[in-house]
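Welcome, and thanks for taking a look at this one with me. Here are a few points to read alongside the model.

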Amino acid sequence: IEQVASLAEAGLLQAADPVTIMENGRALAQGCGASAWLATAFATAAALVAQTDAKVQAEVAGARITMAGLPDQHSVEDKDGQVVVSGVWPTVGGLAHAEWILLSGLTLEGEPASGLVATRDVKASAYPHRGGLRGLVWSSIELKAAPVRLMRGAPDEAALLLGALVGVAQGAYADYVGATRARISGVGGQAVAQFTQVQSRLAETHAELKAVAALYADVLARTASGQADDAECVRDRAYIARKSVEAVNRLLSQMGAMGLAEANPVQRRFRDLRALASTR
């Protein structure tokens, strides 16, 4: 609760342009993947609402809006001029911090659309954690003829979460370097950082993450110029996600059995990274 309040106070949950949302997410993710997801999701939802009609904007003014993943099933009806939706959205993050939920997977006149539903109008239940991003306390929501405000357009959550993904990978590298510097081998008492194999794998990961950072900078530039949907940009985002996962997995494998420990910060980073990569 305190962390979300700090994010809100810093203006990180408010509507912003895509590049700012991505870069805020990257900076936050170097410290906490869950905080980066919250800032990205809430700001993305706010940005979409800022483009809709004034009546909807007035209704949700000042409220926090989280985002739901794709639905398992849903139906949309018109009852006396009011759009009502029934269905199940199994993955909603940060629900405890939001007054409204942005529903994905809807259509309006055959085009992609989103819907706003008040948290008071849904039935929420705990969702088994997805391995990563546990700080979001994932929920599943069920709607039964709930009133929904339909809006044209749907946010490209996967594209905007790229900044958080890159930030988590960068944070994992920093955590690994810090842990390795302080680690002494149980065999021979030698500093682990002096092992040739460790430095070789570290160099390989460092080179890959530098390449990822360069590609990410190019994606940011193309996003700023309105080319985020170009085939090359989409392809680069997918490659960035794959190489980031591979790079951090290499570090985790180098740590041996301790790499499996839940208390290991690199392991926690890897879980968050895989959760973010699964949105690709």
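1. Where does Thr205 lie? Thr205 is part of helix α7, residues 196-224, where helices are DSSP runs of H or I with at least four residues, numbered from the N terminus. Thr205 is buried, at 0% relative accessibility (buried means under 20% relative accessible area, with a 1.4 Å probe and protein chains only). Not counting residues up to four places away in sequence, Thr205 touches Tyr173, Ala247, Arg250 and Leu251; contact means heavy atoms within 4.5 Å.

2. A word on the source: this is a predicted model, in which local features need pLDDT of at least 70, side-chain atom pairs count only at pLDDT 80 or more, and totals for chains, interfaces and linings use all residues. Residues are numbered from 1 along each chain as its sequence is written, and side-chain values use heavy atoms, leaving out hydrogens and water.

3. Next, please look at helix α2 (residues 18-29) and helix α3 (residues 33-49), whose axes come within 7 Å and cross at roughly 165°. Axes are lines fitted to C-alpha atoms over the stretch in contact, with angles from 0 to 180 degrees between N-to-C directions. The two helices α2 and α3 are therefore roughly antiparallel (angles over 145 degrees).

4. On the α3 side, the residues making this contact include Ala36 and Thr40, and on the α2 side Ile21 and Gly25.

5. Thr40, in helix α3, is buried, with a relative accessible area of 2%. A polar atom of the Thr40 side chain lies 2.9 Å from the backbone oxygen of Ala36.

Methods: Angles under 35 degrees count as roughly parallel, over 145 as roughly antiparallel, 65 to 115 as roughly perpendicular and the rest as oblique. Buried means under 20% relative accessible area, exposed over 50%, partly exposed in between (1.4 Å probe, protein chains only). A polar contact is a pair of N or O atoms within 3.5 Å; within protein, one must be able to donate a hydrogen and the other to accept it, and residues adjacent in sequence count only if both atoms are side-chain atoms.
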